[in-house]
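Please read the following note alongside the sequence and the model. It is written for a reader who is new to structural description.

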Amino acid sequence: MMSMLRTLIRHRDLLYMLSRRDITVKYKQSIMGFLWAILMPMLITGAGVVVKMAMAQMAGRVVAISDVLPVAVKSAPYAFFVASIRFSTDSLSKNHNLVTKIAFPRAVFPLSAVISQLFDFAIAAAVIFVILLFSPITPTINLLWVPVLLAIMIAQIGGLAMLLSCANLFFRDVKYLVEVVLMFAVFFTPVFYSVAMFGDRGKLLLLNPIAPVLEGLEAVIVRGVAPDPLWTLYAAGWGLLLMLVTPNIFNRLEPKFAEIA
Amino acid sequence: MTDVVLEARHLHKKFRKGELYTSLRDLLPALARKAVTGGLQKSEFWALKDVNFQVERGEAFGVIGHNGAGKSTLLKHLCGILTPTSGDLIVKGRLSALIEVGAGFHPDLTGRDNIYLNGTILGMTRAEIKSKFDAIVAFSELEDFLDTPVKRYSSGMYARLGFAVAAHVEPDVLVVDEVLSVGDFVFQRKSVEKMRQVMKSGTTVVFVSHNLRAVADLCKRGMLLDHGTVTAIGPATEVIQAYMERNSENVADDPHKEVYCPGVRLRDETGVETVQFDAGKRMIVEVDVVARKTNAKLAVVLECRDEEMYEVFNTSTQRLGAPTVDLEAGQKFTAKFGLTCHLAPGTYHIGIYIYRYDIQKNFDTRFPARTFYVRSETDVRGVAHLEPEVLSQDKS
């Protein structure tokens with residue numbers, strides 16, 4: 001992992017230019033411009049409102065703003081997760097003309113894909129921050145957990161991105177598998193709901209590595225309490241594991257990329 | 001004391017023929033089948049076999065060979081895109097490759113953005129590109145289109161921008177693959193000049209091409225690859241000659257031909273057999289004709305075609321006023337043509353036909369019977385060498 005970090009630092013300009021390319025192209029082509037970044041979180045929140053209304057209906061009460069806020073808070077990081085995974089899985093195969101023609105560390109492809117999505121996430125996060133300013137939430141010291149939780153999530157995404165991009169190069173249908181998994185992942189991830197709603201058995205849902213992160217964000221931002229330490233540690237463990245293991249796998253397979261791309 | 005910057009020692013590369021499983025959908029059934037049947041070893045072949053060579057600092061080294069000889073595979077090893085199956089490849093210093101100009105251009109980005117993008121892909125830092133930006137733009141002659149997305153560029157403009165960026169990387173070793181043929185004539189000329197300039201500045205250049213003239217012009221030394229092995233290595237002119245001789249090796253004769261041509265030789269004016277001629281000098285073409293059955297009124301047709309197979313010249317013994325030849329079974333004669341090489345530098349092919357005009361019968365076709373190469377001190381392009389000179393260019 002350290003050797004990969006060193007090569008990436010040496011090629012930081014390349015990483016920067018590739019990320020910039022992805023961002024520029026995306027915003028240049030669409031009339032919506034920066035609205036792009038908040039489209040996905042908005043859709044997720046909208047869907048969340050519908051789900052919450054159904055739940056409230058069954059419980060025999062009306063939807064309160066406190067029902068919707070957690071969904072809004074979790075929508076942006078979840079959108080970031082989905083888009084990064086989707087975009088990076090395809091990143092090596094999409095750039096096969098570069099992979100087969102020019103030598104440089106291939107890790108820049110999945111990583112620049114994640115970085116360009118991070119840019120979208122930053123915009124969406126800023127919008128949500130403004131919304132939160134007008135909500136009845138009172139900020140607490142626990143907000144300091146936010147960067148920690150996001151770092152865990154970025155580590156997980158970075159590792160997965162490298163793993164999946166290289167898997168998709170060897171097996172071109174990995175992409176479709178990822179699409180299907182991502183489509184239904186929202187039901188297994190606490191975005192529309194909170195794990196607490198399921199009682200004790202809901203803990204099983206926290207085995208999903210990003211679930212503790214999303215739950216943690218809800219806890220520190222909406223409820224103003226510290227995240228569950230054990231489950232946060234569990235998620236951090238995943239992040240660390242992926243960060244340690246996948247660069248090695250990636251490096252070992254890299255010499256074969258040009259032959260199969 | 002030699003200063004070797006590039007060295008290959010017993011370089012081998014194995015490739016697999018046949019299909020690779022590139023999707024899980026294909027792989028899983030294949031694995032199941034393999035488990036049941038035991039599975040056959042896929043046929044493998046050597047794309048490169050025991051390749052050894054050294055290139056010294058500041059040298060221009062040419063690599064030639066037929067399609068599929070392993071040239072591109074070798075290049076990809078030099079660039080570090082492929083790793084050898086066995087053997088070593090030693091590169092000292094920064095190596096940059098001009099394999100495909102404009103690789104990594106994004107059509108929606110402007111020329112300016114693409115210069116930065118392509119430059120970093122080729123290994124430059126942003127600061128480096130910034131300092132060379134004006135030179136790159138000036139070289140590409142695209143000042144007015146810098147803020148236009150490259151998807152609106154013509155293919156020539158696209159190639160020019162790509163070459164301009166690549167030419168400014170300033171590596172220690174530059175690998176060039178058939179890129180000097182981009183853009184229009186003026187730009188091609190500029191590219192070749194830039195290459196010369198790069199070489200003069202002490203950069204080592206490895207040049208891979210089908211364009212024998214460019215190889216002969218730019219390289220002092222070279223090697224010939226054939227099916228992954230080095231069949232000739234040494235001074236560029238000798239390697240080119242080896243390539244051409246291989247090209248024109250005679251194939252086994254068809255025993256059904258009544259009359260056939262077993263051999264064609266090219267000689268210079270002193271009578272030495274060669275395939276290299278200087279423009280404006282005499283060349284002699286000797287054509288052997290053998291009859292299996294008695295035949296009368298035979299003539300030899302000689303034609304010359306350029307690299308693109310366009311006919312440059314065509315004549316025959318009979319049309320030149322020589323008498324036709326009658327041959328009895330087993331008899332042989334040799335026709336000698338004298339020609340003056342009024343040809344522009346390049347590669348040309350000689351074709352031979354054994355023909356009888358009155359009954360319009362072609363007995364044997366030999367094409368290309370011989371391939372030869374013309375060089376000239378004068379910079380002339382095209383096919384004809386009209387021995388031009390500038391008489392005056394006075395202002396009036």
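1. Basis of the note. This is a predicted model, in which local features need pLDDT of at least 70 and side-chain atom pairs count only at pLDDT 80 or more, while totals for chains, interfaces and linings use all residues. Residues are numbered from 1 along each chain as its sequence is written, with chains lettered from A and ligands numbered from 1 in the order in which they are written.

2. Chain B overall. Chain B contains eight helices and 18 strands; helices (H or I, at least four residues) and strands (E, at least two) are DSSP runs, numbered from the N terminus. Its C-alpha atoms fill a box of roughly 90 × 75 × 50 Å along the principal axes. Of its 396 residues, 38% are buried, meaning that 20 or more other C-beta atoms, placed from the backbone, lie within 10 Å of the residue's own. Two residues are in contact if their C-beta atoms, placed from the backbone, lie within 7 Å. Among such contacts in chain B between residues at least 6 apart in sequence, 72% join residues at least 24 apart.

3. The contact between the chains. Chain B contributes 29 residues and chain A 23 residues. On the side of chain B that touches chain A, α1 (24–37), α2 (71–79) and α3 (111–121) of chain B each supply at least two residues. The most come from α3(B), which gives five residues.

4. The enclosed strand. Which strand of chain B is largely enclosed by the rest of the structure? Strand β6 (residues 173–177) of chain B is, because five of its five residues are buried. B:Val173, B:Val175 and B:Asp177 point one way from β6(B), and B:Leu174 and B:Val176 point the other way. In a regular strand the side chains alternate between the two faces of the sheet.

5. Partners of that strand. Two strands pair if DSSP finds at least two bridges between them. Strand β5 (residues 95–98) of chain B pairs with β6(B) in the parallel sense over four bridges, and B:Ala97 stands opposite B:Val175. Strand β7 (residues 204–208) of chain B also runs parallel to β6(B), joined by five bridges; in β7(B), B:Val206 is the bridge partner of B:Val175.

6. An antiparallel sheet. An open sheet of three strands has the order β10-β12-β16 (chain B), with antiparallel pairing. Its edge strands, β10 (259–268) and β16 (332–340) of chain B, each pair on one side only. Eight bridges join β10(B) to strand β12 (residues 282–291) of chain B, and B:Arg267 has B:Ile284 in β12(B) as its bridge partner.

Note on methods. A residue is buried if 20 or more other C-beta atoms lie within 10 Å of its own, exposed if 12 or fewer, and partly exposed in between; C-beta atoms are placed from the backbone.
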